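Trainee: I would like to learn how to read a few features of a structure. Please give the general idea each time, then the case.

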Amino acid sequence: MKVPLLALLPLTVSADLVITEAMSDSRHSNTTINGDWWELTNNGASAVSLGGHSWDDSSNLPGMQLFPAYTIQPGESVIILDESNATAVAPFRTAWGLPSTVRIFTETEMGGFPGLGATGDSIFFYQPNGALLDSVSFGTATSGVSFGEFSDGSPIPGNLSTEDIFGASSSNQSPDDIGSPSFAPALPGPVAPEYFPPFDIYWPVGRNLNTSEFPVTAVDPNSGDTVTVTVLSQPDFFTITDLGNGVAQLSGVPTENEIGAHTFEVQAQDDSGVTPAVTQVFTLHIVPEISPIILNEYNAVGPNMFLGDDLENDPDAATDTFFGQDAGNGGDWVEFIVIGDGTGPTFDLRGSSLEILSDTTTRTLQLSASIALSEIPVGTILTFSDTVPTQLNINSDFRTTGYTWSNISMFDPILIDQTLSTQTASRSLNSGNTRISIRNAAGNLIYGPSGESVGAKDSNANGIPDNILSVSDTEVYNLEQNPANNVNPLFGLYDDSDSGSTFGNPNTYNSNTITQSFADFIPSNAPPIFSSLPSTFATGGSYNSAISYTDPEGQTVTFTSEGLPSFLSIVDDGTAATIQNNRPLTVADIGDYDIVVIADDGSTNLSRTYHAFRLTVVDPAPAVLLNEYNAVDDTRFLNGGTAAADDDALPNASDSHFGRIAGNGGDWFELVVVGDGGTGTTDLRGWQIEIGSPDAGGTLQVESTITLSQDSNWSAVRNGTLLTFTNNNTAGGGLDTDIAREDRFSSEGWGWSNIYLGDTSLITNPDPSAIRIDSSDVQFLISNSAGQVVFGPVGEGVISGINISSEEIFELEADPSTSIGITDNASGTGQPGYDDSSSSSTFGAPNIFLPPGIGEVDRAQNFSAYLFIPSTYAAWASDFGGVAADDPENDFDNDGWSNLQEYLFGGIPNDGSAFPSQVIDASTQSFTMNVRTDDPTFTFTAERSADLISWVETDLTLTEGISPLGASFVALTVSYEITEPKQFFRIITE
């Protein structure tokens, strides 16, 4: 009996059990591991039985939460977790990367967990007999950061865990926590003092720095060391006083002259006589006390996250008033309130700049000098978004609520100077210490920096913020008070929120029981409102766009514009206006035009609303059109389903060339050459096809460019030709280059050539891997050799309501002609144009579609305008009186050219002055002549000779070009590098 008792005696020694860490405000929003926790460490030399030990929070009552029987080994740390059962243990281990050997106690095992207060609490640990063994007390927590101690129970510097210092790390559960559960760092040997953040200090004009709750602090982890702080450099408008033991206090009242960033350097030295002095540079940011525009809200929700970390489609999920429940909560957006400078009911934002700075990105939005920014009404909720298009003065109840809403796209080509702005590829508004500043046109800071790591809460209710705000990637940062010009980045009541956001609307807070009041901004008059906006493309040689507007007070509105090109006019009847062309648009009009339209109700105040838009005039008679492109994903099938059957069952959707296969032939697109709308040819040498997707402002961001070579195959492409371009060759499931694969010009008016994008002879930059064609707003832009846009941008995203899935194609459902426009909409409109289609595709053949107004019968595109009717000598001769159709060798007009020669080379047989032309260019050693191409009974051969006796076809270069005689001819140039004293050329026919 005595032996077992003696064996247990070491386990009763409890004096070396120490509380070493506590998390009282976890940011783990996953409901299985977001509970509080604390850590107990055995820093003694012997194992200890925890059975019968207990703990409590500030209630300080032994026996409340009892430990089960467990032996804690020397150096071991265990975790006490505020979760009800063992199902939370595995996720907690995963979040912190803890092995299975780490013991985690749940509240179920201990009979409860009183919770650790985020605003301050205590932990008391007792022996089985109720005697107190250890205790800790802590103040207001920094969300997601644990309070830490060394293994001997002494606090780590600052008492807060810092990533990568003393063993602390961040969890891999988003939003992350910082701590070191299961590890208590040993007290280090003599080390130099360490500075405690923040190293960026923000303070408003007009307040004494000595009231700041964020003094300069240097902490020494070695117990007993005294730290002295010395100022090495500082601006002269404030002083720094050493308060003893590593704390220095700033004092002084900054003025508006000090607005901006100021650096100062301090040195900390302990009295150990062993460790060196350390220095630290701090930055003091002086921010305006009064601002004409203030931050109201910004979105920090991550791209694949949901507000509040709620589940998708959860009926109780947190939502945004504009976006609803949206992954990423609507993308990059930030919201301000225009307060004004007190000089009038509007504020001029022209030339102002907005800087968004985070740990990873910097985005600068430079506002332009557009008149549309000159009169922003006081009381405007002003949003900047990368997903929502620009519109100003959207609300109709301004006079009732006191606020109106204006949104500006971050990619707006008129209101945002894109050349002077810095856009980012990734999200700039995020949970990585986003800070936002605004400067006026003179470059002076008028608001900010503001945001995470700047704004702070007043946790001790003394009127001075002391707890820096931290926002997770499931939250927004918002203002929880009524807007006013004295709301500044530090003292404004900013907070993080995961319960909802209010893009374009007043903020709500306090569990949605309070809504911001804009009553101070109710105007005596409200400006007009645009209820419909002008279109942004002019196609087909015309432009006609109706713009409707209303006035909240029912006043008469006049409609004017700035930047309207001369070929457009405005017709205004007082309730709506129409912008229309006053003459047919020509090729010379192609381009972009920045226009501002203005609705004015004639009042003294707030009379005008502006709308700025960029009008793109495209080729009025395009020679080449987009006919079709394939958006079917590589692993999917046309119209869904499997290889055996689509989602609509038989007849299965398929392609006329590829049949029914996964990916529908890979990345491919199809153009159709229409030329001048009739028979003939088009020179495509040097033309470009650009492929990409639009940004939020609608501007095509080119991702790949295909440039056609100078090969003679491009010099005279027949009108009516379908040109397919394949990313894959035949071996890869696509198709190799095949010129004139189909020739149905004489029967149906069309032909087909395929070009593999890796073809080095037809493509100057062959790279089949460069193009991306899918269901994500792919658009095309076609330009001629002079760089002039012929057609586009065209594709998904140009026409509202046409959205291509990964099981569909984009196709032209109309007969190809020069009258086709990029915005022609065939989707439910009863009109010819573009549409998405999941039922079929016709790679290398005319599209098949259901034409409007004809009934439920599909038909193929009609290419009859391009029917090739071969010419004959007899038919030609009959057009000229007196020319014998049966005597081609006769020279009727005695000009030295026979009737047949004039037929073949472009003369008039009954006019001696109109004979075939020949151009000799000695500088290029070439000879050019027009040659008929529409009579298949004749072929042409070029020959050279040095003596007019011996003729050969060798070493000649033949180039075909556009003939001035029209589509029935080509200009054939024969060239040769002449080395003989003389050289002769001739063209012979058979």
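Trainee: Which side chains meet Asp594 and Arg614 in a salt bridge, and how far is N from O?

Mentor: A salt bridge here is a side-chain nitrogen of Lys or Arg within 4 Å of a carboxyl oxygen of Asp or Glu. Asp594 and Arg614 pair with each other in this way, at 2.7 Å from N to O. Asp594 belongs to strand β47 (residues 591-600) and Arg614 to strand β48 (residues 608-617), so the pair ties together parts that are 20 residues apart in sequence. Helices (H or I, at least four residues) and strands (E, at least two) are DSSP runs, numbered from the N terminus. The model is predicted: local features need pLDDT of at least 70, side-chain atom pairs count only at pLDDT 80 or more, and totals for chains, interfaces and linings use all residues. Residues are numbered from 1 along each chain as its sequence is written, and side-chain values use heavy atoms, with hydrogens and water left out.

Trainee: What is the N to O distance for Asp600 and Arg608?

Mentor: Their side chains form a salt bridge at 3.5 Å. Asp600 is buried, with 18% relative accessibility, while Arg608 is partly exposed at 30%. Salt bridges with shared partners also join Asp332, Arg363 and Arg427 into one network. The count of salt bridges comes to 25.

Trainee: How should I read a nonpolar core, and how many residues has the largest?

Mentor: In soluble globular proteins, nonpolar side chains tend to be buried together. A nonpolar core is a set of buried Ala, Val, Leu, Ile, Met, Phe, Trp, Tyr and Cys residues joined through side-chain atoms within 4.5 Å. The largest has 55 residues, and those with the most contacts inside it are Tyr629, Phe669, Phe725, Phe780 and Tyr834. Strands that each supply at least two residues of this core include β49 (624-630), β51 (668-673) and β56 (721-726). The largest share, 5 residues, comes from β51. Another core lies apart from it and has 53 residues, including Phe323, Leu354, Trp405 and Leu429.

Trainee: What is the strand order in the open sheet of 4 strands?

Mentor: Strands of a sheet pair through backbone hydrogen bonds, either parallel or antiparallel. Two strands count as paired if DSSP finds at least two bridges between them. The order is β5-β4-β9-β10, with antiparallel pairing. At the edges, β5 (65-66) and β10 (132-138) each pair on one side only. Strand β9 (residues 121-126) pairs with β10 over 6 bridges, and Tyr126 stands opposite Leu132 in β10.

Trainee: Which residues does Trp897 touch, leaving out those up to four places away in sequence?

Mentor: Contact means heavy atoms within 4.5 Å. With those neighbours left out, Trp897 touches Asp891, Glu902, Phe905, Phe915, Pro916, Gln918 and Met929. Trp897 sits in the loop between α5 (873-877) and α6 (899-905), and is buried at 15% relative accessible area.

Trainee: What radius of gyration has the protein chain?

Mentor: The radius of gyration is taken over C-alpha atoms, and the globule rule is 2.2 Å times the number of residues to the power 0.38. The protein chain has 39 Å, whereas a compact globule of 990 residues would be near 30 Å. Its C-alpha trace spans about 135 × 80 × 65 Å along the principal axes.

Methods. Buried < 20%, exposed > 50% of the residue type's maximum accessible area, 1.4 Å probe, protein only.
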